[in-house]
Amino acid sequence: MRDFYKPDEPEYVDIDNEEEIFAEIHFVDEAGNEMASEAEEDFEFNPAAESDSDFEPSSCESEEEVENEADEDINEDEKDEQDGQEVEKMKTTTEDGADEDYAIVQRIISELKMPRNHPKDIQTEDFVTDISFHPISDHLAVALITGDVVMYKYSLEENTIADTYELHTKACRDVEFSEDGDVLYSTSKDKSIMLTDVKTGKLKRYYDNAHETAIYCVRPINENLIATGDDDGHLKVWDLRTQEKSPLFSLHEVDDYISSIHSNDSKKILLMTSGDGYLTSINLGARKMYVQSEQYEEELTCMGLYRNDSKLVVGTSKGRMYSFNWGEFGYHCDVFNGPKTAINAMLPITQRMGVLGCEDGLLRAVNTVPGRSLGVVGQHSLAVETMDISNTGEFIASSSHDNDIRFWNIKYFEDFDDDMPAKDSRYNLPSSKYTNARDFFSGLVD
């Protein structure tokens, strides 16, 4: 499978000299700071350079004189005046967007220089395949290549192991919590699906040989339905209210692994991305395919919803981000050439901004609608495998191929609301109107 594909066995790099380890970390930090500095330079706004228009006020005056002499030029003059207004409007909009992005870049750079304000790193002995924050309590579920799931209790002071669930006989590929946090869903290379009671650690349901091949991902749709996708492109939807071991329905619309499954709040359409370059939408009510995109010449690896679920953004193995209007999944409406490396994970943070987990080990903040890079919010020494956001919206956790789980404080994003105030006060938004970070991120986070 591909470079960013979840491997069955980790690749180890033996470094005997401890100084080399610190030198490598120092090098990655310097790279992150250098990229942040480049982003800062990129957002030095130049109004003169932003406008491609040749419109000049003097030309408008000369046309007005001609208008007094010739009636046939009236329509042309009115058009020029409207064009001038359009140019001024575009300049103002561009300037506003550039100023806002510049402010975000400054906050990212400032955050990198601050003392630690997030939980300490977690180092595991075994390869980490997935992570998932509990939706209510301060717990993080960590799926391992051994098939186990370790539950960590995290805080600023220390991280402790709260429980260990010995679930699967082979690598646990994906873990997700139910909306109330009472159930943990897990899938594995052993083709099984397990539902674990989080409080007792006991199994609630067990689907043996749920797929013909290894299961890659799981997605809770609501309290009664979950969807799973496997390495051969089979999608299955399961009704948890029945005692049957067979799925509610199954579809095989793609021929490569299903990398991610998603839906919006209405839960009427199910979306999936796959390794053969398709975005496929499923009508849950009709239990059949709704529409499938044209095939892209790259693997579609992840996706996220923005702009009140009106925009779907899909990340790829070539670092591109394709934007789709909701309901129009046949072809993208916009494309943004992001990092020159594979995007392995995407995490929506606000209605416009998201964080990308990339193959080069960097976590990049981006403005997805429209597509603009903002800066580096974190880094690993190896590829970022998976990410998730805490229940308060304050922390991001990311895992890497080096068995390292790191936390990043992103609370400063709450200062940048989508409904920008007047220009004079754009940099001091009243975050006090939010009782806590969870209120701000409510409904915005995947």
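1. A residue is called buried here when its relative accessible area is under 20%, and exposed when that value is over 50%. With that cut-off in mind, strand 27, which covers residues 395–400, is mostly covered, since six of its six residues are buried. The model under discussion is a predicted one, and the points below should be read with that in view.

2. As an overview for a reader new to the chain, the secondary structure comes to five helices and 28 strands. Of the 446 residues, 52% count as buried, and the chain exposes about 21500 Å², of which carbon and sulfur atoms supply 44%. Among the contacts with a separation of 6 or more, 48% are between residues 24 or more positions apart.

3. Which way do the residues of strand 27 point? Phe395, Ala397 and Ser399 point one way, whereas Ile396, Ser398 and Ser400 point the other way, and all of them are buried. In a regular strand, side chains alternate between the two faces of the sheet.

4. Elsewhere in the chain, four strands form an open sheet in the order 10-11-12-13, with antiparallel pairing. Strand 10 (215–220) and strand 13 (249–252) stand at the edges and have a single partner strand each, so one side of each is left without a neighbour in the sheet. Neighbouring strands of this sheet are turned by 15° against each other on average, direction ignored. Strand 10 pairs with strand 11, residues 225–230, in the antiparallel sense over five bridges, and Pro220 stands opposite Ile226 in strand 11.

5. Another open sheet of four strands has the order 18-19-20-21, and its pairing is likewise antiparallel. Its edges are held by strand 18 (300–306) and strand 21 (334–337), and because each has a single partner strand, one side of each is left without a neighbour in the sheet. Strand 18 and strand 19, residues 311–316, pair in the antiparallel sense over six bridges, and Leu305 stands opposite Leu312 in strand 19.

6. Finally, a remark on cysteines: a search of the whole structure finds zero disulfides. Are Cys217 and Cys333 buried or partly exposed? Cys217 is buried, because its relative accessible area of 5% is under the 20% cut-off, whereas Cys333, with a relative accessible area of 39%, is partly exposed.

How values were computed. Residues are numbered from 1 along each chain as its sequence is written. This is a predicted model: local features need pLDDT of at least 70, side-chain atom pairs count only at pLDDT 80 or more; totals for chains, interfaces and linings use all residues. Side-chain values use heavy atoms; hydrogens and water are left out. Two strands pair if DSSP finds at least two bridges between them. Helices (H or I, at least four residues) and strands (E, at least two) are DSSP runs, numbered from the N terminus. Buried means under 20% relative accessible area, exposed over 50%, partly exposed in between (1.4 Å probe, protein chains only). Contact means heavy atoms within 4.5 Å. Accessible areas come from the Shrake-Rupley method with a 1.4 Å probe; for residues, only the protein chains shown count as cover. A disulfide is a pair of cysteine sulfur atoms within 2.5 Å. Axes are lines fitted to C-alpha atoms, for helices over the stretch in contact, and angles run from 0 to 180 degrees between N-to-C directions.
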